[in-house]
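Student: Could you walk me through this structure? I'd like to learn how to read its features one at a time.

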Amino acid sequence: MVAGIRGAMPVLGIATFFGAWTLATSLKLAPPTFLPSPLAVLHSMVELTQIPYAGSTLQQHLMASLEKFGISFAAAVLLGVPFGLIMGRSNLMKWALSPLFEGFRFVPPIAWVPFAIFWFGTGFLAPTLVIFAGAFAPCVINSYRGAQLIERHLIEASQTLGAGRWRTFTEILLPAALTHIVAGVRVGAGFGWQSLIGAELIVGSTGLGYMIVQAGSNLQPAIVISGMITIGIAGASIDYLMRAIQHGVRRKWAH
Amino acid sequence: MTPRQDRSVPLRWIVSGSSVALLFAAWYLVTGPLGLVSSLKFPAPLDAYDSLIRLIRSPGYADGILAQHILSSTELVLIGFLLATATGVPLGLLMGRNRLVDGYVNPVFQLIRPIAPIAWIPLTILWFGLGMGAKLFVIWLAAFAPAVINTYTGVRNIDTIVIQAARVHGASSKEMLFDVVIPGALPSIFTGLRTSLQACWMVLVAAELVGSFVGLGHIMIIASRDLDSGMILVAMICVALLGVLMSAGLTYVERYAIPWRR
């Protein structure tokens with residue numbers, strides 16, 4: 001009996017949420033210009049996939065966002081991971097780079113938007129700097145930690161066996177720190193996606209963030225909420241993918 | 001402390017110091033004498049200093065002096081953060097202690113959480129306008145989820161033996177909450193609050209950039225319209241410094257609240 005109630009609670013919770021939403025809109029507690037009904041949102045979401053809004057359809061906005069995200073997230077990983085590993089393995093590099101990195105880290109990624117506009121204009125590339133700023137720091141920090149935790153004798157053994165710097169890096173350092181690196185990359189993906197949406201709200205002419213800010217100023221909450229749902233689904237999918245990679249890496253490399 | 005480390009301490013400062021000095025020298029040369037970067041891309045150090053002085057003295061910049069902008073931004077973050085703490089931590093405690101509440105609230109939470117708090121900004125502007133209300137709402141929203149989740153995890157991770165021991169010794173539910181559950185979950189709660197505070201700053205700056213009348217983000221919008229890169233840099237540094245100060249403040253509170261972890 002108790003177990004039955006417990007099992008029903010999630011269903012009840014979701015039902016309350018959508019029930020309250022529907023009730024509030026159908027009883028006109030909230031005017032449709034303020035909060036559209038769930039059905040109206042669903043309807044506008046389907047419509048958005050066929051009729052372009054703010055220049056593109058929903059899937060085109062989504063693709064534009066994902067493309068910007070992909071470019072700068074890849075750049076953040078490719079630069080951030082070696083940066084962190086080098087800082088973790090060499091004291092000299094750590095001392096030289098960490099004050100600069102610490103200074104950079106405390107600036108919220110969104111605060112780079114004005115300079116992004118100055119450097120890249122208001123076009124497609126403007127948000128990339130912001131995404132990079134969001135994803136870079138977690139990649140660096142976790143790779144750094146991963147590199148620091150490597151047992152010294154592993155590196156010494158490989159060097160005794162005649163591995164050069166590059167082979168030590170690719171065959172010892174990278175695999176041994178991989179679980180940490182992947183965890184950082186996952187956090188970075190989350191921050192990067194958030195930063196992307198923030199940047200698109202302010203600058204640009206494509207993407208989900210641009211779409212919802214346009215719909216907001218045109219007083220079309222159904223389109224805003226459709227965009228928010230798409231942002232949520234895309235964000236959750238990115239995280240799901242990252243988690244799958246993380247599990248795969250852990251299974252293969254964890255000792 | 002091995003002798004090797006002792007000797008490396010001054011070396012460390014020399015390396016760090018010269019790296020920072022090198023950066024400033026490069027900044028000065030590239031923007032000034034060498035003229036490689038125009039002031040439209042990045043300000044020279046002196047330009048940034050001039051902007052700072054202009055911002056501090058009245059009439060200031062973007063409808064206020066620096067102190068007014070800082071006060072407005074700080075006020076919003078602090079109030080939003082405190083509201084999120086005051087609502088998120090109790091909900092997390094309740095969800096952690098009561099399985100029925102957990103089952104009821106958690107799915108709704110999981111449904112809404114993937115939507116980035118920043119993505120709420122257009123909707124909140126539509127609901128509350130460009131004033132304080134909209135910003136407080138998004139800041140609260142951004143800080144709420146980390147506060148709830150970490151409190152919840154903290155409560156769930158308390159050793160059941162400790163809870164059972166307290167029960168065997170006749171702890172009332174009030175004692176259980178204040179003497180066992182809350183202290184046990186505090187380290188995790190503070191981890192959550194740290195994430196919350198960071199999220200607050202990020203969302204505040206975003207919200208102020210999208211639309212505002214005062215605040216550090218407002219300085220940035222006006223400055224990018226005026227092509228005043230010095231002023232942008234000053235605002236960025238202020239945002240970073242305030243973030244550091246607040247997180248240091250939280251560390252101080254944490255030390256006071258969890259003396260046994262010092």
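**Where the chains meet**

Tutor: Let's start with the contact between the chains: 43 residues from chain B and 45 residues from chain A take part in it. Keep in mind that this is a predicted model.

Student: Which elements give two or more residues to the side of chain B that touches chain A?

Tutor: On chain B they are α1 (3-31), α4 (99-112), α5 (121-128), α8 (173-210), α9 (216-225) and α10 (229-257). The largest share of that side comes from α4(B), with eight residues.

Student: And how do the residues on that side of chain B split by class?

Tutor: You'll find 34 nonpolar, six polar and three charged residues on the side of chain B that touches chain A.

Student: How do I read the overall build of chain B?

Tutor: Begin with the secondary structure. Chain B has 10 helices and zero strands. Then look at the spread: the radius of gyration of chain B is 23 Å, well over the 18 Å that the globule rule gives for 262 residues, so chain B is more spread out than a compact globule. Its C-alpha atoms fill a box of roughly 75 × 65 × 30 Å along the principal axes.

Student: What share of the residues of chain B counts as buried?

Tutor: That's 40% of the 262 residues. As for contacts in chain B with a separation of 6 or more, 72% are between residues 24 or more positions apart.

Student: How should I describe two helices that pack together?

Tutor: Ask for the angle, the distance between axes and the handedness. In chain A, helix α9 (residues 178-202) and helix α10 (residues 208-217) pack at about 45°, with axes 7 Å apart. Angles under 35 degrees count as roughly parallel and 65 to 115 as roughly perpendicular, so α9(A) and α10(A) are oblique to each other. Their crossing is right-handed.

Student: Which residues of α9(A) and α10(A) make the contact?

Tutor: From α9(A) they are Leu196(A), Ile197(A), Ala199(A), Glu200(A) and Leu201(A), and from α10(A) they are Leu208(A), Gly209(A), Tyr210(A) and Val213(A). By class that gives seven nonpolar, one polar and one charged.

Student: Can we try a pair in chain B?

Tutor: The axes of α5(B) and helix α6 (residues 132-156) of chain B cross at roughly 140° and come within 8 Å. That crossing is right-handed. Ile121(B), Thr124(B), Ile125(B), Trp127(B) and Phe128(B) of α5(B) meet Gly133(B), Ala134(B), Phe137(B) and Val138(B) of α6(B). The contact holds seven nonpolar residues, two polar and no charged.

Student: How far apart in space are Val11(A) and Met93(A)?

Tutor: They are 54 Å apart, C-alpha to C-alpha, and 82 residues apart in sequence.

Note on methods: Residues are numbered from 1 along each chain as its sequence is written. Chains are lettered from A and ligands numbered from 1 in the order in which they are written. This is a predicted model: local features need pLDDT of at least 70, side-chain atom pairs count only at pLDDT 80 or more; totals for chains, interfaces and linings use all residues. Two residues are in contact if their C-beta atoms, placed from the backbone, lie within 7 Å. Helices (H or I, at least four residues) and strands (E, at least two) are DSSP runs, numbered from the N terminus. Ala, Val, Leu, Ile, Met, Phe, Trp, Tyr, Cys and Pro count as nonpolar, Asp, Glu, Lys and Arg as charged, and the others, Gly among them, as polar. Axes are lines fitted to C-alpha atoms, for helices over the stretch in contact, and angles run from 0 to 180 degrees between N-to-C directions. Angles under 35 degrees count as roughly parallel, over 145 as roughly antiparallel, 65 to 115 as roughly perpendicular and the rest as oblique. A crossing is left-handed if the near helix is turned anticlockwise from the far one by less than a right angle, and right-handed if clockwise. The radius of gyration is taken over C-alpha atoms; the globule rule is 2.2 Å times the number of residues to the power 0.38. A residue is buried if 20 or more other C-beta atoms lie within 10 Å of its own, exposed if 12 or fewer, and partly exposed in between; C-beta atoms are placed from the backbone.
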